[in-house]
Amino acid sequence: MIAQSIVSGLAIGGVYALLAVAFLLTYRVGGVLNFAQAQFVAVAAFVGSTFSVRMGWPLIGAALVGIGVAAILGALMERVTYLPLHNKAHASMIISTVAVGIIIEQGAHLIWGPDPRTLASLVPNVPIEIAGNRLSLVSLFIFFISVILVIGLNLVLSRTRLGRQMEATSVDPDTAQLMGIRTGRIVIIAFVISTGLTGAAGILVAPMFAVTIHLGFLIALKAFAASIIGGFGNLTGAAIAALMLGVVENLAGTFIGSESKDLIAFALMIVFLIVRPQGIFGTKVGEKL
Amino acid sequence: MTNKSSKLAGAPRVHFLVEGTPKTPRYEWFLWPALMVLAIGLAFVVENQYWLQVMVNAEVMIIAAVGLYVTFGLSGQVSLGQAAFYAIGGYTTGLLVTKLEWDMGPAILAGVAAGVLVGIGLGIPTLRLKGHYLALATLGFGQVVAMILVNWKSLTQGATGVRGIAAPLFGSFELVSVRDWAIFVGILAVGAIFVVQRIRNSSFGRAMQAVRDSDVAAAAMGVSLSHVKVLAFTIGAGFAALAGSLNAGVVTYISPGTYTLILSVAMLSMVVVGGSSSHWGAVIGAIVIVFLPEVLRSVERYYLLFYGILLLVIVAYLPGGLWNLFKTVPKAISSFLVRIKSTPEVATLREGE
């Protein structure tokens, strides 16, 4: 019982972690908080579902198309949010991402309608026996893929030329540009990676719920919460906090009651904002008044 | 007005950070009575009950929007949790009226007080955090309040909501019809705009603008960042709570479904679409955002799409919002007229700069 609860917590925590690092990537590189993430989750799941269920594509192909569509939408989003607004007040950018979310949501509603769709998991939904515990293969799969993607992103950021260019752009875009980095292109790439990862999270999480336009809503909000709990701007910290959040809320849901499950993430976030705004792993942020 | 407020400590020091000095236009003495007459007059002129209801909604939203203008437009803090304060006002009023049988008037005042208290309580810790953080913190706060409303069933009656919120305003004076409410809310809305204008022109208002434009410079000039920020945030919270209380009174029924992130975003959109540089922008934005779905009823399917695109276009390409558009068009005409006939208008403009 406890093992199963922890494993499903790790699975949903993995999805939160993917979303949290995706959220922080555009924030780090371009200073954009993407409040349309929830809609990207849903779009990828919808596209995946259409290709696999309606058109009979193999699941892996449908999943990749879903992720690709999310990534392309991400590149388009950069054109209407970061490009015209990166020199203006933060507030404008926040509102523009919310507006993009509204547009995507309504577009998806017009294309796919209000009825829920389904998307099967990439692995068969069978329990497997590990050390006497029956664990869900789907949950384990979601957890492992998420962790691999998060670690992969970390390696890209820390080990490759592209990653260093992103780092330079995030630290000081003007100087980075003077050093020959095409910062405009770097920001687009950050958007594409970010929304692609968000799409991957959508494909992973879709089998656990029905595919509706609200699929990503609560998940994305909790990923925001996790990114604050972990320490804003710190990708690894946010990913670890997201995994812990998934486990904690699942245990709370099992042992305290299902109402507490959704409340815990936001309550923790408020507590952290008040007591320790730099999060668990973060360095000092914000300003002291 | 200007002379009086500049005697207050702090005002002259931030004075030059803010573009121009707020001046009292010559039509001011006439404007407020005229608006009051308009608000009351509209309540009598509009015959259709449905449109009367929409008008009251717009007036309620004007109150919330001008409050958020102080938080966002004047002091530059992004709040994505205004719906939570709206909910706190609505539920405080609704529960006091239905459970404790309070009169409507005191219940509304209590709703505002609750909103202000929670605003201070949330403001003091979270305003240490800059723009991005505050947006996330208020977003999370909105979510927590929405979940409490659904789950604290013994107090809020959960998802079913609170019904029958009706009581006399004070003593035996009761607002019965939608028209009565339209008059009452109309007067309060004009009052709210007036109060916000006074705040904007006060030393605190100018300190808020200084903080918005450069908190470092403002702090160096002796502006207390924490006081100004918490005050601006709390004013926004209080107005949102007042709007929520009035809404509960008008509709007589509240349920958690109203107080979602969508409402918070809508309130912020009002300020942005109308133009965050002026409280009149918030007023226009509130009217536009409330009436837009009614006007676009025939193409309802596409309404939200249109709304999203409108928001995106205005933020990206029309940063001053609709109010700026309204202001620049007559200005272009008047500058054309000025060129024909030189007026003292030019001299006053120079002086203001």
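# Exercises on a Predicted Two-Chain Model

In this predicted model, chain A and chain B bury about 4000 Å² between them, with 80% of that area on carbon and sulfur atoms.

## Exercise 1: The interface

**Solution.** 

## Exercise 2: The surroundings of A200(A)

Decide whether A200(A) is buried or exposed, and identify residues that it touches.

**Solution.** 

Step 1. Locate the residue: A200(A) lies in helix α9 of chain A, which covers residues 183-205.

Step 2. Apply the cut-off. Buried means under 20% relative accessible area; A200(A) has a relative accessibility of 9%, and therefore counts as buried.

Step 3. Name the contacts. Leaving aside residues up to four places away in sequence, A200(A) touches L18(A), I67(A) and L149(A).

Step 4. A200(A) and A63(A) are 137 residues apart in sequence, yet their C-alpha atoms are 7.7 Å apart.

## Exercise 3: Salt bridges

The structure holds five salt bridges over all chains. Describe the pairs E167(A) with R28(A), E249(A) with K222(A), and D213(B) with R212(B).

**Solution.** 

Step 1. Begin with E167(A) and R28(A), whose side chains meet at 2.9 Å, N to O. This pair links distant parts of the chain, 139 residues apart: E167(A) is in helix α7 (residues 161-171) and R28(A) is in helix α1, both of chain A. E167(A) counts as partly exposed because its relative accessibility is 37%. R28(A), at 30%, is partly exposed as well.

Step 2. Continue with E249(A) and K222(A), where the closest N and O atoms are 3.4 Å apart. Here 27 residues separate E249(A), in helix α11 (residues 235-255) of chain A, from K222(A), in helix α10 of chain A. Both E249(A) and K222(A) are buried. These two residues and D262(A) are linked in a network of salt bridges.

Step 3. Turn to chain B, where the side chains of D213(B) and R212(B) meet at 3.0 Å, N to O. D213(B) is partly exposed, with a relative accessibility of 47%, and R212(B) is partly exposed at 33%.

## Exercise 4: Positive phi in chain B

State where E101(B) and T252(B) are placed, and give the phi value of each.

**Solution.** 

Step 1. Recall the background: most residues other than glycine have a negative phi.

Step 2. Consider E101(B), which has a positive phi of about 55° although it is not a glycine. E101(B) is in the loop between α5 (82-99) and α6 (104-126) of chain B. Its relative accessibility is 65%, so E101(B) counts as exposed.

Step 3. Consider T252(B), a residue other than glycine with a positive phi near 65°. T252(B) is in the loop between α12 (225-251) and α13 (261-274) of chain B. With a relative accessible area of 29%, T252(B) is partly exposed.

Notes: Residues are numbered from 1 along each chain as its sequence is written. Chains are lettered from A and ligands numbered from 1 in the order in which they are written. This is a predicted model: local features need pLDDT of at least 70, side-chain atom pairs count only at pLDDT 80 or more; totals for chains, interfaces and linings use all residues. Side-chain values use heavy atoms; hydrogens and water are left out. Helices (H or I, at least four residues) and strands (E, at least two) are DSSP runs, numbered from the N terminus. Buried means under 20% relative accessible area, exposed over 50%, partly exposed in between (1.4 Å probe, protein chains only). Contact means heavy atoms within 4.5 Å. Buried area is the accessible area (1.4 Å probe) that two parts lose on being put together, summed over both. A salt bridge is a side-chain nitrogen of Lys or Arg within 4 Å of a carboxyl oxygen of Asp or Glu.
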